[in-house]
Amino acid sequence: MKLEGKALEMRSLPARRRVTKYRVIRTKGETFPDGTILEPITNDSQTEPLQLVLWNGSEATVGKRFKIGEKIYAVAHIDPSTRRAIYFPGHARTSPSPGDLDRELKKLISRYSYVPEKQLILLTGFTLATWFSTNFLTAPWLSIFGSDRAAGTQLLRLLHCLCRRAIRIIEPSVATVSNLPRGWGFTLLVHTPQISRQVQRLIEAVRPRESFLPRRGRLLQMYSPIVTLTDGPCSLNPRMQSAIEISAMPDRSPRERLSQEAAEQIAADFQPLLLGYYLAMQRTVKNSDVATVGLSFRIGEMYENLAACTPNDYQLQTELLSALKEQDEVSRMTRSTETDVVIIESLLSFCHEGTPCVYVGDVTDTALDILEQRGGDPSLSPHEVGGRIRLMQLQIEPRDGRGFRVKLTETTIRQIHKLALDHDVPAMQGEITRCDYCRELMRVASQIATGE
Ligand SMILES: [Zn+2]
């Protein structure tokens, strides 16, 4: 396989004397404010300790230790079994332009998987995003689904060779992942028939950058990009619907079998290219100010993250936007029949009628009408609706002669509008109504979308 770019000049530093007078920091990778980057790399032998590559903004140097300021940096220990499970780059190659790297990745992925042409950009975007994920507030999540296990597994194995520090997780749960060596920023590859409650908790734990999990008296940051391979699409609650979704359901078998030797060769060829790209582009990606237009908030954030990884490449960003728009449309359609969404829409319609209160029975009837119009399953009881309304933290008054009711006070109306925005309910999209709350929300929404 011919790859563009040439190996960066590298030299080991001479062994330093009297390093003990400096504090030695064991690092798993650092970026410094001046653009200097340290990354662990392998010297191609599985038994030798990892080394570090130092990027000074224009060239890469490999060594065991580097002095930066008053500190000496050396690579952190990683246990041999974890190390063997991960492809570390063997060196760094000068980075091709984003377009060139993207084209190589696309070519490679289409060689080993059947993924519709239009979705290839999402896979390459995700692959790049795993390298830059420390810049994001939400870790990217790639959901691959399809009934053909062999095709899905092969795609997962391919991503293992390409993503940054990817590791396959058996029996995925928060407990399993919290037992991994800490601070390495692994990309988690999870194969599970469906998103169980346990896997859902894992996804919720690893995606937000700012969330920490208490474990044995310490706070653990679990932040990791994640790939899930499931039999069917992820039908989760709305706040989790921000996966990049790829259907691995082939109408023919994978084009070429990915042998172990081929996988190792791909990792050996592409890890150095991806590392080179990361070193050269990290600063630009960090300062990226890509803004979203015309996507729901959750998909919009994903677009911003993925597009940031291909800075200045307008064509790539346009391709990404169009692929994500398609996904956004589909997920809006699915979402529009979801229970919470129709209940909120129903409540919203009563807010707009100006009635002082609404009975749960009436909310249910309107929700059923909406479901029926959209071709969803019209089965919903007032009991279930009451339960969902309570879960939304809306106050329900004690039962009177007609049943349970929600008082539509100013606070409640605000809450309902906030829920409508958070759930991207169809009634809120693109309609300018005479309602002050709706107008206010539209204003906030467009400000977020244009990044003002
Ligand atoms: Zn309104």
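User: Which strands does helix 7 (residues 260-286) lie across, and at what angle does helix 7 run to strand 3 (37-41)?

Analyst: Helix 7 lies across strand 2, strand 3, strand 4 and strand 5, at about 170 degrees to strand 3. The model is predicted: local features need pLDDT of at least 70 and side-chain atom pairs pLDDT 80 or more, while totals for chains, interfaces and linings use all residues. Residues are numbered from 1 along each chain as its sequence is written. Helices (H or I, at least four residues) and strands (E, at least two) are DSSP runs counted from the N terminus. Angles, from 0 to 180 degrees, are taken between N-to-C directions of axes fitted to C-alpha atoms, for helices over the stretch in contact.

User: What makes strand 2 (30-31) and strand 5 (60-63) edge strands?

Analyst: Strands pair if DSSP finds at least two bridges between them. The open sheet has the order 2-3-4-5 with antiparallel pairing. Strand 2 and strand 5 each have a single partner strand, so one side of each has no neighbour in the sheet. As for bridges, strand 4 (residues 51-55) and strand 5 are joined by four, running antiparallel. Leu54 stands opposite Thr61 of strand 5.

User: How many residues lie between strand 6 and strand 7 in their hairpin?

Analyst: Two residues separate the strands, and Gly69 in the turn has a positive phi of about 65 degrees. Strand 6 (residues 65-68) and strand 7 (residues 71-75) run antiparallel and share four bridges. Ile68 is opposite Lys71 in strand 7.

User: Why are strand 9 (166-169) and strand 14 (244-247) placed at the edges of their sheet?

Analyst: The five strands form an open sheet with parallel pairing, in the order 9-10-13-8-14. Strand 9 and strand 14 each have one partner strand, so one side of each is left without a neighbour. Neighbouring strands are turned by 20 degrees against each other on average, direction ignored. Within the sheet, strand 10 and strand 13 pair in the parallel sense over four bridges, and His191 has Leu229 in strand 13 as its bridge partner.

User: Which helices pack on these strands?

Analyst: Helix 4 (residues 149-162) lies across strand 8, strand 9, strand 10 and strand 13, at about 165 degrees to strand 10. Helix 6 also packs on the sheet, touching strand 8, strand 10 and strand 13, with its direction at about 160 degrees to that of strand 13.

User: How do you know which way the buried residues of helix 6 point?

Analyst: In helix 6 (residues 197-206), Val199, Leu202, Ile203, Ala205 and Val206 are buried. Seen down the helix axis, these residues fall within an arc of 165 degrees, so they line one face of helix 6. The arc is that of the directions from the axis to the C-beta atoms. The buried residues pack against elements including helix 5 (174-178) and strand 11 (212-215).

User: Why is helix 10 described in one way against helix 11 and in another against helix 12?

Analyst: Under 35 degrees is roughly parallel, over 145 roughly antiparallel, 65 to 115 roughly perpendicular, and the rest oblique. The axes of helix 10 (residues 339-353) and helix 11 (residues 360-373) come within 8 Å and cross at roughly 120 degrees, which makes helix 10 oblique to helix 11. Contact means C-beta atoms, placed from the backbone, within 7 Å; among the residues in contact are Ile343 and Leu347 of helix 10 and Ala367 and Ile370 of helix 11. Helix 10 and helix 12 (residues 382-391) pack at about 85 degrees, with axes 11 Å apart, so helix 10 is roughly perpendicular to helix 12. Thr339, Asp340 and Ile343 of helix 10 meet Val385, Arg388 and Ile389 of helix 12.

How values were computed:
A residue is buried if 20 or more other C-beta atoms lie within 10 Å of its own, exposed if 12 or fewer, and partly exposed in between; C-beta atoms are placed from the backbone. Two residues are in contact if their C-beta atoms, placed from the backbone, lie within 7 Å.
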